Amino acid sequence: MEIARIENKGTVIYFQTKPDAVFEAILEEALLSEMTEVKNLAADGAIDSWEGLYPESSSAFGPYTAIRLMAQLLAATRDASVYHLLDVHWSVLYECLQNFCATHNDLVEDDPQGSRAIGAFRIGRVDGEAIVTIYFWDTDFLLRPMSSDWHTLEHDEFDEEPVDEGTQEPSEDPVGDAVSPLEMVEDADWIVPEAGAFFRTGSIEYPDTKE
């Protein structure tokens with residue numbers, strides 16, 4: 001499917017480069033699938049797996065806080081405004097995308113077509129590091145302590161799912177008051193790529209920057 005014929009849904013996380021429709025699809029599926037994966041790890045008490053897959057995040061908070069942050073990122077992609085991210089969001093998003101790309105690439109190797117459906121696209125190998133280079137402003141958040149960003153986050157024990165205090169049932173709001181609201185961007189000064197710059201007719205890999 002030719003990317004030039006697809007209108008972006010309007011991903012409104014303030015990336016370095018304005019996302020194209022393919023990255024929007026990858027981003028949404030990554031957040032949804034990793035939210036499920038992290039919740040399953042927490043429910044199973046798989047602390048070693050959680051720490052292995054999310055070394056940066058797990059050093060600062062528990063899995064349910066990570067789920068809240070991913071839910072906040074997912075909500076931001078469906079909003080009409082553009083939002084700045086804090087270091088804590090970039091860290092979770094970075095690990096989320098890297099884990100999703102690794103899983104996707106493993107599944108692609110076993111697929112007869114060498115690709116999988118992501119949204120409206122059939123996509124083969126996804127280069128997670130290339131995505132970071134194109135869309136992330138930098139990776140300095142991996143070097144900075146997250147304390148300035150996550151000091152307002154509610155600490156959650158590994159095996160304690162957040163509950164609604166009124167009903168004592170699992171919370172229906174995955175974000176709640178645990179994370180700070182995102183700051184709006186008044187004038188997004190991002191790189192706007194040409195249509196098909198990273199995925200064109202006949203492409204299967206993403207990003208595909210070959211001439």
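In this predicted model, a cluster of aromatic residues is held together by ring pairs, its members being Phe-15, Phe-23, Trp-90, Tyr-94, Tyr-135, Phe-136, Phe-141 and Phe-198. The structure as a whole contains 15 aromatic pairs. One of them joins Phe-15 to Phe-136 in a tilted arrangement, with 6.2 Å from centre to centre and 45° between the planes. This pair bridges distant parts of the chain, 121 residues apart: Phe-15 belongs to the segment before α1 (21–44), whereas Phe-136 sits in the loop between α6 (128–135) and α7 (147–150). Phe-15 and Phe-136 are both buried.

Phe-136 also pairs with Trp-90; the ring centres are 4.9 Å apart and the planes meet at 55°, so this pair too is tilted. Because Trp-90 is part of helix α5 while Phe-136 is in the loop between α6 and α7, the pair ties together parts that lie 46 residues apart in sequence. Trp-90 is buried, as is Phe-136.

Helix α5 runs over residues 87–109, 23 residues in total, and spans 33 Å from its first C-alpha to its last, close to the 33 Å expected at 1.5 Å a residue. Most of α5 is covered, with 18 of its 23 residues buried.

Ser-58 is located in helix α3 (residues 55–58), and its side chain reaches the backbone oxygen of Tyr-54 at 2.7 Å. Apart from neighbours within four places in sequence, Ser-58 makes contact with Trp-50 and Glu-51.

Notes. Residues numbered from 1 in each chain as written. Predicted model: local features only at pLDDT ≥ 70, side-chain atom pairs only at ≥ 80, totals over all residues. Heavy atoms only, no water. Helix = DSSP H or I, 4+ residues; strand = E, 2+ residues; numbered from the N terminus. Polar contact = N/O pair within 3.5 Å; in protein donor to acceptor, adjacent residues only side chain to side chain. Contact = heavy atoms within 4.5 Å. Expected span 1.5 Å × (residues − 1). Buried < 20%, exposed > 50% of the residue type's maximum accessible area, 1.4 Å probe, protein only. Phe/Tyr/Trp six-rings, centres within 6.5 Å; stacked < 30°, edge-to-face > 60°.
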